[in-house]
Amino acid sequence: LKADVELAAASEKVIQVSEQQITSPPGARSQMTLPDGSKIWLSSETTLRFNIPFENGQREVYLSGEAFFDVQSNPELPFIVRAGKVAVTVTGTRFNIKAWEEDKTTEVVLEEGVVYLGNLLQAGKNEGIMMNPGEQAIVDKSSGKTFVNKVSTEKYTSWYKGKLIFDETPMQEVALQLERWYGVKVIIGDPVIYKYRITTTFENEPLNQVLELLKISSPIDIQFYPAKLDDDYQI
């Protein structure tokens, strides 16, 4: 019996696991490839955490921010993205997740394949849905409800290719996207501007050109403040 115990102990393998954390800097986007071959694009100030090697028979990552995933197919080894109380489970597909902690919603847009969207926000139960290509799922963090729409995925996924697409987009959302895209602070000084909607496409344009084009295409004035503004700044 003693010999058997010693033999079993000697045959055990010690697996060392290390946690990796990648954060894309302000005003920049990053691209990375996981050990399984999956490709991920991180938006500005987005953080992705994962263990190497993957554990428990599944590929699991944790997201804060926005990222586009091109997951290497492996039906026997699920790929799970956890973003707060939302979990997206796939085997191989292409999709975008917008999961900023400060936002009121978490959004998933599916470009290819099928994903299972799990939601722990409703009564603590893991209630979820199956998504199909061309669908956008919006999870309301306050109510826990999930809304699914048919959308043109390019509007939501083209950012990782360097394109910003605005389609009747409210100015408040435009300002927020510019903040995250360029790592700046955008202050809307006149409440009337909130009523404006923008339809245009920018592709790898510097911030000053984007703002000048917005100024030309809408009745707004733009001022530049090179210094960093603190939270108490008032116009």
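Rings of Phe, Tyr and Trp (its six-membered ring) pair if their centres lie within 6.5 Å; planes under 30 degrees apart count as stacked, over 60 as edge-to-face and the rest as tilted. With that rule, Trp41, Phe68, Trp159 and Tyr160 form one aromatic cluster.

This is a predicted model: local features need pLDDT of at least 70, side-chain atom pairs count only at pLDDT 80 or more, and totals for chains, interfaces and linings use all residues. Residues are numbered from 1 along each chain as its sequence is written, and side-chain values use heavy atoms, with hydrogens and water left out.

**Aromatic pairs**

The whole structure holds seven aromatic pairs. Two of them are listed here.

| Pair | Centre to centre | Angle between planes | Type |
|---|---|---|---|
| Trp159 and Tyr160 | 6.5 Å | 80 degrees | edge-to-face |
| Phe166 and Phe202 | 6.1 Å | 75 degrees | edge-to-face |

Where do Phe166 and Phe202 lie? Phe166 is in strand E14 and Phe202 in strand E15 (residues 197-203), so their pair ties together parts that are 36 residues apart in sequence. Strands here are DSSP runs (E, at least two residues), and helices are runs of H or I with at least four; both are numbered from the N terminus.

**Burial**

Buried means under 20% relative accessible area, exposed over 50%, and partly exposed in between (1.4 Å probe, protein chains only). Phe166 is buried at 1%. Phe202 is buried too, at 3%. Trp159 and Tyr160 are both buried. Of the protein's 235 residues, 36% count as buried.

**Overall make-up**

The protein has four helices and 15 strands.
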